[in-house]
Every structure is written in structure tokens, then in C-alpha cells.
Amino acid sequence: MYESRLDMGTPLPLKIGMPVSLTIDGQPVTVAAGTSVMRAAAQAGIKVPKLCATDSLDAFGSCRVCLVEIDGRNGYPASCTTDVEAEMVVHTQSKELDELRSNVVELYVSDHPLDCDTCSANGDCELQDVAESLGVEGSRYGMNGANHQDAAKDESNPYFAFDPSQCIVCYRCVRACDDIQGTFALTVDGRGFSSKIVAGQLESFMDSDCVSCGACVDNCPTEALTEKSVIENGLPDRSVTTTCAYCGVGCSFHADLKDDQVLRMVPDREGHANEGHACIKGRFAFGYATHKDRITSPMIRESIDDPWREVSWEEAFQYTAERLRAIQDKYGPDSIGGITSSRCTNEETYLVQKMVRAAFGNNNVDTCARVCHSPTGYGLKTTLGESAGTQAFNSVASADVVLVMGANPSDAHPVFASRLKRRLREGARLIVADPRRIDLVNSPHVRADHHLALRPGSNVAFINSMAHVIVSEGLEDTAFIEARCETEQYLKWREFICGEQNSPEVTERITAIPASELRAAARLFASVPNAAIYYGLGVSEHSQGSTTVMGIANLAMVTGNLGREGVGVNPLRGQNNVQGSCDMGSFPHELPGYRHISDVAVRSLFEQEWNTRLQSDPGLRIPNMFDASISGNFKGLYVQGEDVAQSDPNTHHVEKALQSLECLIVQDIFLNETARFAHVLLPGSSFLEKNGTFTNAERRISMVRKAIEPLAGLEDWEVTMALSNAMGYPMDYSHPSEIMDEIARLTPTFKGVSYEKLDRLGSIQWPCNDEAPQGTPTMHVDEFVRGKGYFAITGFVPTDERATRKYPLLMTTGRILSQYNVGAQTRRTANSEFYAEDILEIHPFDAEERGISEGDWCGIASRAGETVLRAVLTDRVQPGVVYTTFHFPSSGANVITTDNSDWATNCPEYKVTAVQVSHVSEPSEWQKEYRDFARRQEELLDKARV
Ligand code: SF4
Ligand code: SF4
Ligand code: SF4
Ligand code: FES
């Protein structure tokens with residue numbers, strides 16, 4: 001029997017007031033002032049019938065089934081909209097109340113099919129519960145009045161259906177869409193008995209503005225809005241609480257299962273990162289985990305022109321170890337390396353870097369953070385002393401001004417975007433700095449005060465200019481700077497930032513932001529008690545990515561916006577565990593906890609625990625590995641859960657590097673683009689198939705719990721362990737908790753972390769140690785991790801990728817809500833119904849100049865390569881700028897991006913590529929070759945499977 005989760009009826013009061021004692025049904029109850037009578041009753045274990053109330057939405061008071069009696073009060077107040085008072089005496093049960101409630105429920109039933117026995121919500125329907133508790137089996141009002149029972153179902157959405165005949169017009173879906181999601185896609189059409197819920201302008205859900213977050217489905221008390229998987233399979237019979245494996249928000253979910261099939265992912269109302277909300281990816285796009293394309297047997301082959309051969313795990317490990325050892329014997333110990341995955345757990349990532357350092361015997365380990373947020377690590381460590389964001393997500397609820405720079409939260413971090421939009425609707429002000437008009441600039445009930453549409457490549461000039469205005473107009477927070485920052489360095493920086501080159505009137509020529517608008521934005525930023533900065537890959541993926549991150553930290557310090565709620569420097573991390581993979585020592589120069597490999601004391605700590613000798617020099621970064629492969633010095637690579645062939649820039653170069661390897665081992669759940677170049681294919685396990693932890697953008701460590709057995713029999717950490725053993729370096733763990741215990745022993749910021757504590761607290765934000773045993777929601781409260789804050793000098797250096805006569809447009813890239821990164825997962829779900837191909841956004845002026853119309857194929861050429869995409873004409877992008885996503889391998893977005901990279905970290909400059917665009921009629925040469933190669937590799941895989 002499916003057990004519904006406990007619903008307290010109304011949310012916790014926003015401000016927890018003084019304790020109030022009252023009596024409910026003779027029971028003494030003490031709750032905080034501001035609590036509803038309904039919630040107080042629930043807290044005492046007393047269930048008051050309800051229909052329009054739920055604890056994720058403010059009380060609405062429309063259904064009138066939650067009536068109670070209160071001594072000394074006339075009438076029957078609704079318990080959901082009545083707050084507790086001291087000494088109150090409440091009665092939730094009486095004959096009169098039963099009659100009143102039954103009357104209301106009979107009215108609902110008169111417009112509701114009496115088909116509970118065959119309804120898919122049978123056992124999980126609040127109307128059914130209430131009717132049963134009151135003994136209502138029919139309706140005195142008959143079933144033949146005006147009703148919705150013939151209304152057509154809306155099954156347009158691939159994941160959920162709307163059946164108006166089951167709707168009781170409680171408005172919960174409308175309120176969820178407005179208040180939680182912030183999309184305002186639903187309304188009520190008509191009045192009284194004929195009122196009905198409609199999407200958009202009387203459209204289907206699919207045609208409306210609905211973004212398929214599922215909040216309306218979660219909050220619907222009947223079967224009116226239900227997941228199709230439940231309609232088809234019935235209710236789940238068990239549930240496992242785990243963490244989403246898509247983006248860096250790290251939402252907590254209940255994976256609801258029937259037997260061994262995941263039927264739905266229900267966002268966890270206790271989840272600290274998401275508080276019961278989700279987006280289309282985590283909520284619905286989990287079907288890839290059991291897709292027919294999953295690799296479920298280890299495979300090997302001599303060369304990439306051979307068919308794959310399925311082998312046992314044992315043979316695969318022996319074969320791999322022998323090939324890697326043979327390479328080392330021939331080319332030296334440094335000729336092999338590994339890439340850890342920001343999709344895998346902390347424990348798995350930790351093991352891969354440990355295997356590289358201890359079993360491979362070198363430091364040639366890197367991670368995909370190299371290509372996204374490595375500048376964040378460098379920039380924040382330099383200025384503040386710690387390579388991570390400073391806040392918890394709920395901090396935004398105290399922000400007065402929010403600067404969103406180079407990020408598109410409503411597509412890439414949707415659950416955070418919903419929180420942000422709620423704060424903006426409450427009155428916080430918004431500054432968006434982005435070359436493209438992202439949705440946040442103007443969406444329902446949200447309008448940015450300033451959209452600073454800067455030119456790609458001009459971030460540093462922009463951020464310096466903001467600080468210039470603040471300092472030169474005397475708007476800085478002198479007390480904060482004096483108390484918290486290095487004085488001498490501040491004075492040097494002050495002189496630099498006040499230089500004329502940083503004034504908005506001068507930078508306007510670089511950024512294209514009108515000086516007056518930039519001045520107004522800077523004044524706004526500096527004028528409020530709490531200003532917060534949220535940024536994304538539009539900051540880091542530049543030749544000056546690290547400089548911009550330092551500029552952002554400078555802006556926060558100079559305005560005193562660090563060390564408390566509502567402020568801070570907040571990198572919106574891309575992948576689910578990119579923070580964790582960096583924390584776990586995935587970079588070639590750093591051991592877990594961001595400690596340099598050259599530090600003798602740190603190294604000897606690890607040498608003792610790992611019982612081995614470690615090299616003291618940093619190893620190769622991913623781009624160095626590729627270069628070394630092409631030049632013949634690097635021959636073996638183990639890649640876990642990372643698709644470098646699609647995700648890394650300059651595809652021609654990457655493909656050449658992969659082809660030059662003598663042994664490429666790919667561990668993944670699918671034959672991804674990189675695996676097509678591999679000699680060993682080790683099946684990966686999806687997040688549903690393993691135990692471990694992820695760390696999100698808030699530094700929040702959350703549990704990943706196994707919901708189903710690994711399809712190939714082993715979890716990823718077990719595979720790495722076995723490979724290490726085959727290589728001759730022994731590893732012996734029986735559960736990931738033991739790996740976490742080792743991490744805690746070796747890493748000061750994780751010292752207090754354990755699975756027992758994670759189970760008890762739900763999640764923990766590191767640092768978690770003796771000083772902060774429950775974790776650290778806000779960093780740098782009294783002092784910075786490095787002591788005093790450091791104002792780095794952030795001179796602007798133009799990128800080499802400039803518009804020229806040959807390549808007159810600047811191409812920038814980003815993500816779309818329904819697809820995820822390289823798309824390997826989302827493309828194997830119904831999410832492709834929302835976005836089936838990458839397109840090129842181009843301004844109508846630029847399109848007209850080139851004779852390009854909507855939907856035309858256009859060739860995009862850069863100095864690195866050429867590809868073809870379909871054109872979408874839009875003024876979202878400014879003239880001179882084109883934009884695309886990179887979710888489909890055949891699009892070849894990275895055929896065009898160049899090997900330009902951040903000066904400090906080698907993070908590629910994905911966000912600026914000088915291109916020419918022209919009208920064409922056929923795919924590019926690369927696309928034709930890609931299709932042939934992909935088809936051939938699929939055939940070689942199919943041969944192994946028959
Ligand atoms: S669809 Fe569900 S949540 Fe929406 S009004 Fe109808 S019953 Fe209530
Ligand atoms: S799925 Fe989300 S966006 Fe769509 S109608 Fe429901 S609440 Fe609104
Ligand atoms: S916001 Fe991110 S973590 Fe949350 S459900 Fe969506 S993809 Fe998953
Ligand atoms: S639950 Fe209180 S009025 Fe509906």
C-alpha cells in the first residue's frame with residue numbers, strides 16, 4: 001500500500017515567533033507564534049481534513065473542509081487560515097463539524113467521477129481520504145448538475161496528464177506554478193461551478209509557457225494532475241531518498257519505486273537545497289537510466305577499427321592493467337593518466353585520483369572542472385582563501401540587490417532560479433550582466449532594473465568599471481575594508497581601479513554598456529544593505545576567467561558584501577558534483593582539500609595513509625594530456641564519466657589526441673563520443689544504482705542512495721578499486737562510507753563528515769570540523785579563510801578572439817532547460833520533445849545581411865573549424881553576437897571553439913569565438929565525417945551485442 005508523506009497542511013511561519021501554548025482536542029500543544037491551527041494539530045498528531053491546503057503553499061482558505069470550533073469564537077473558522085493564540089481551546093471533531101464537512105465534500109463529489117476503485121490515484125488521493133474519513137459515499141446533490149466530467153484530458157505533456165474531470169478547483173496547482181515555480185502558466189477560467197483550470201491562453205500544457213517542473217503535479221490532491229508513469233503502472237510501493245545527478249543545485253528527491261522500476265522522482269520537501277521543488281530534468285528525465293543503449297558488459301578491442309568483444313569484469317581488469325603497465329614500461333611512468341568525473345560521487349572521484357597518484361604513480365589527473373569552473377577555484381582561493389561559493393541558496397531570500405553575471409539560472413539552475421524569482425517578486429532588485437537577453441531579464445512579475453548587454457570577452461572591463469564607480473564616488477564600505485582586508489594591497493588596488501582606463505566612459509568602447517547605465521547599476525549595487533553576486537560559466541570560460549572571478553570578489557569586498565546572509569560570491573556550478581570533484585583532489589597540483597602536492601607535510605600525510613610514495617610535481621592538465629598524446633609522450637588514459645570528445649573545445653584537436661592514444665579506457669553508462677575512440681569500455685552505474693555523496697554549488701554534501709542494483713553488477717567505485725588492484729596497488733573498501741571516513745581523516749574541511757551524520761542531518765555544508773560540527777552555511781563570517789581579504793589587481797587584457805573582417809561575429813554558448821550538457825542522458829528521454837536540435841540564434845540585422853531566413857541552414861566557420869546549424873532569428877542576441885547550445889554531438893559546437901584558454905587555469909574560452917556565418921545547403925565536412933564514424937562505431941558495438 002502506498003503511504004503518503006506527512007503533510008503539515010501549512011508552511012512553517014516565515015519568522016519563528018515566541019512559543020504559544022494551546023489545547024487541541026484536549027491535548028496541550030506548544031508551537032511558535034504564527035503557526036496555523038491546522039499545523040499545530042498536525043504537530044500533535046491530529047489530522048484535520050483538508051483539500052486546498054498543503055505545507056508547501058501559503059494557506060488559501062477556499063475549500064472549507066478544515067473547519068474547527070474554537071471556544072469563545074462564533075462560527076467555524078478554517079484551521080488553515082487561523083493562527084494559534086495563547087490559551088486557545090480548539091475542537092477538531094464534533095457532529096456539527098462532520099455535517100458541515102460532509103456537505104462540502106458531497107458538493108465536490110457531485111462533480112467527481114465515482115471511480116475510486118479503478119482510479120490510478122486510488123490510495124493516494126486526498127479527496128478520497130477526506131470522503132472516507134467522513135463516511136461520504138455519494139452526493140445528496142446528485143451527479144447530473146453542471147459539471148466537468150466530460151471535459152477532455154490534456155495528455156500533451158510527455159510526463160504528466162491533466163484530467164479536468166478529477167479536478168476540484170482547489171487552486172493548488174495554480175499557486176504552485178505562481179509561488180513555487182514562478183512561471184504563472186496556469187489560471188482559472190470561468191466562475192463558480194463552471195470554473196476550470198487552464199494552461200496559458202486556453203492552450204494545452206505543451207503549448208503553454210509551462211516548463212514541466214512538476215510542482216503542480218506534486219501539489220495536486222487528486223488524480224487530476226498525475227505522472228503518466230503512475231497512470232500506466234500504478235502507485236509505487238517503496239521509496240529511496242537520494243540526490244539529483246544533473247546540475248549543481250543538488251536537489252533532494254524521493255525515488256518512488258514499484259518493484260525494481262523507478263516510477264517517479266518526487267522532490268523532497270525536507271531537501272535543504274530545493275525544499276520540495278524540482279525542474280524537468282531531475283523530476284522527469286530519469287528514464288535514461290534503463291535505456292536500451294546502456295552498456296551492461298565490459299568490452300575490449302585491440303584497435304578502434306575492431307569490433308568490440310564482451311568480456312568478464314575480471315578479464316577486462318587484467319587486460320586494462322596489462323596494457324597500461326606495458327605502456328609505462330615502454331614510455332615511462334608518466335605516459336598514462338586519468339580524468340575524474342564531476343558526474344560521479346565524491347567517493348568515486350577520490351578513488352580515481354588516488355589510483356592515478358598511487359597505482360599509476362604520477363599526478364596526471366584532471367577533471368572536467370578544468371573546462372568550467374577552474375577559474376572559480378583559482379580566483380576565490382587567491383582573494384578569499386577558499387575555492388568555493390560563500391553562501392547557502394536560501395541566503396538569496398535576504399538579498400536586496402542581486403547581480404547575475406554570465407549565468408542563465410532559469411535554464412541551467414532552475415530550482416535556484418525559482419528561489420531568486422520569489423525574492424525578486426518580494427521586491428529585491430536585479431542587475432543582469434549578459435550578452436544575451438536571458439529569461440530573467442523580463443519574465444512574469446520579474447523585470448531586471450538593468451540588463452547590461454556586454455560584448456562577449458569584456459567581463460573584466462565591466463567588473464572593473466563597477467568597482468571604479470563605487471570607489472571613485474565614495475560608495476565603498478570603508479569599515480569593512482579596514483577591518484577585513486589587507487590594507488596595503490587595498491591601497492594599491494584602489495589606485496589601479498580609480499585609473500581612467502576603468503571608468504565607464506572609457507570601458508563603454510569595450511563593453512558596449514552605456515556609461516550612464518553602468519554607473520546607475522553600480523550605484524544601485526552599492527546602495528543597499530545586502531547585495532549578492534551569482535555567476536556562471538559566462539564568467540569563467542574566458543581567457544581572463546580567473547581575472548573576472550577575482551574582480552567579482554573585489555566588488556563584493558569593496559562593498560562589504562561578504563560574511564552574512566543575503567550577500568556573497570556565488571558560483572552557480574554546472575554539474576552535480578563539480579564542486580565535489582574539485583574538493584576531492586582531482587586537479588594535478590592538488591590533493592583533496594585543495595592542498596598543493598608540493599607541500600611536504602601534506603604529501604607525507606597521504607603517503608602514510610596510502611602506504612606509497614607520491615610524486616611532488618604537479619602532473620598534466622587535460623589540454624596538456626592531449627598535446628602530449630599528439631606529440632607521442634602520453635599513451636594511456638582512463639576516463640570516468642566524462643565525454644571529452646564532445647565537451648572539450650577544438651574537436652579536431654581532441655579527436656587527434658584520442659586517436660593517438662595506445663590505450664583509452666572509458667567508463668560510462670553509454671557508448672559516448674569519447675568511447676568511440678576507446679579500447680576498453682567499462683560499464684558505468686547511474687546515480688540510481690549506487691551509494692555515495694555529491695557536493696553541490698553551496699558546498700552541501702548530500703547522500704546518494706542506491707535505488708536499484710547496478711545494471712552491470714558493479715558500482716563505479718568498485719570498478720576503480722578492482723582496476724587499482726589489478727594494477728598492483730591494493731584497495732580494499734566494502735562500502736563508500738569507508739572511503740568517506742578516509743577522506744575525513746585526510747581533509748581538514750571534511751573532518752567532521754560521516755555517513756551517520758549525513759543521515760542524521762540530511763546534508764552538511766563543508767567546512768565541517770571541530771569548529772563547525774554541523775557544517776558552515778555562510779563562509780568568511782568573522783574573517784576570510786586566508787585571514788585578510790586580498791584585492792587582486794585585475795587589468796583587462798583583450799582576448800585574441802576578436803571580431804575581424806574574416807570572422808566578424810562573436811559566438812557564445814549556453815544551455816537550455818530541457819537538455820543537459822552533452823545531452824547523453826536527456827537526449828535519451830522525452831525531454832527531446834522540448835528541444836530536439838541545437839540551433840544558432842542570430843540577430844535579424846546580421847541574418848538579413850547574409851540572406852539568412854528563419855530555419856535556414858547556416859554555416860558557422862571559425863579559425864578552428866566549421867559546422868552547420870539551423871538559424872533562429874531573434875533580438876535576444878545583440879547584433880554582432882550569435883549564440884548556440886552544445887547538447888547534440890552532431891552539431892559540432894566545439895568544432896568551432898578554439899584552444900584559447902584562461903591564463904591561470906587553462907579553462908577554455910568557450911564563450912568567445914570569432915566566426916563568420918553564411919547561408920549553406922548541406923552539412924559541414926566534419927559533420928559528414930562524424931556521421932560516418934558514429935555509424936561505424938555503432939555497428940562495431942552491435943556486433944558485440946549479438
Ligand atoms: S488540477 Fe489538482 S491542484 Fe489543480 S485545481 Fe484541480 S485538483 Fe486542485
Ligand atoms: S509543470 Fe510547473 S510550470 Fe508547468 S504548469 Fe505545472 S507548475 Fe507550472
Ligand atoms: S535544478 Fe538541477 S539538481 Fe534540481 S532537479 Fe533540476 S537538474 Fe536536478
Ligand atoms: S484546507 Fe482549509 S480551507 Fe481548504
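Buried means under 20% relative accessible area, exposed means over 50%, and partly exposed is in between, using a 1.4 Å probe and protein chains only.

## What you're looking at

This is a predicted model, where local features need pLDDT of at least 70, side-chain atom pairs count only at pLDDT 80 or more, and totals for chains, interfaces and linings use all residues. Residues are numbered from 1 along each chain as its sequence is written, chains are lettered from A and ligands numbered from 1 in the order in which they are written, and side-chain values use heavy atoms, with hydrogens and water left out.

Asn611 isn't a glycine, yet its phi is positive, near 55°. It counts as exposed, at 68% relative accessibility. Asn611 sits in the loop between helix H21 (600-610) and helix H22 (622-631); helices here are DSSP runs of H or I with at least four residues, strands are runs of E with at least two, and both are numbered from the N terminus.

Leu202 is another non-glycine with a positive phi, about 55°. You'll find Leu202 in the loop between strand E7 (196-199) and helix H5 (215-219), and it is exposed, with a relative accessible area of 60%. Then there's the peptide bond between Trp766 and Pro767, which is cis, with omega about 0°. Pro767 belongs to the loop between strand E30 (763-765) and strand E31 (809-813).

## Around the ligands

A residue is near a molecule or strand if one of its heavy atoms lies within 4 Å of it. Ligand 1 is surrounded by 14 residues, and the closest are Cys167, Ile168, Cys170, Cys173 and Cys220. Sorted by class, the ligand 1 shell has twelve nonpolar, one polar and one charged residues. For the classes, Ala, Val, Leu, Ile, Met, Phe, Trp, Tyr, Cys and Pro count as nonpolar, Asp, Glu, Lys and Arg as charged, and the others, Gly among them, as polar.

The residues around ligand 2 include Cys177, Cys210, Cys213 and Cys216, along with Phe160 and Phe205. That shell has nine nonpolar, two polar and no charged residues. Around ligand 3 you'll see, among them, Cys244, Cys247, Cys251, Cys279 and Lys281. The ligand 3 shell divides into nine nonpolar, two polar and one charged, and helix H7 (280-284) and helix H12 (414-425) each supply at least two of its residues.

## A three-stranded sheet

Strands E9, E10 and E11 make an open sheet in the order E9-E10-E11, with antiparallel pairing; two strands pair if DSSP finds at least two bridges between them. Strand E9 (238-243) and strand E11 (261-267) are the edges, each pairing on one side only. Strand E10 (residues 252-258) pairs with E11 over six bridges, in the antiparallel sense. If you want one pair to look at, Ala255 has Met265 in E11 as its bridge partner.

## One face of helix H15

In helix H15 (residues 487-497), the buried residues are Gln489, Tyr490, Trp493, Phe496 and Ile497. Looking down the axis of H15, those buried residues fall within an arc of 120°, so they line one face of the helix; the arc is that of the directions from the helix axis to the C-beta atoms. As background, an α-helix has 3.6 residues a turn, so residues three or four places apart point the same way.

What do the buried residues of H15 pack against? They pack against helix H13 (459-472), helix H14 (478-484) and helix H19 (545-558), where contact means heavy atoms within 4.5 Å. Over on the other side of H15, Glu488 and Glu495 are exposed.

## An enclosed strand and a buried serine

Strand E33 (residues 857-861) has four of its five residues buried, so it is largely enclosed by the rest of the structure. E33 pairs with strand E34 (residues 866-873) over five antiparallel bridges, and the two form a hairpin with four residues between them. Strand E36 (residues 913-919) also runs antiparallel to E33, joined to it by four bridges. Check Ala861: it stands opposite Glu866 in E34, and its bridge partner in E36 is Gln916.

Ser647, in helix H23 (residues 644-647), is buried, with a relative accessible area of 18%. Leaving aside neighbours within four places in sequence, Ser647 is in contact with Glu642, Val822, Asn894 and Tyr910.
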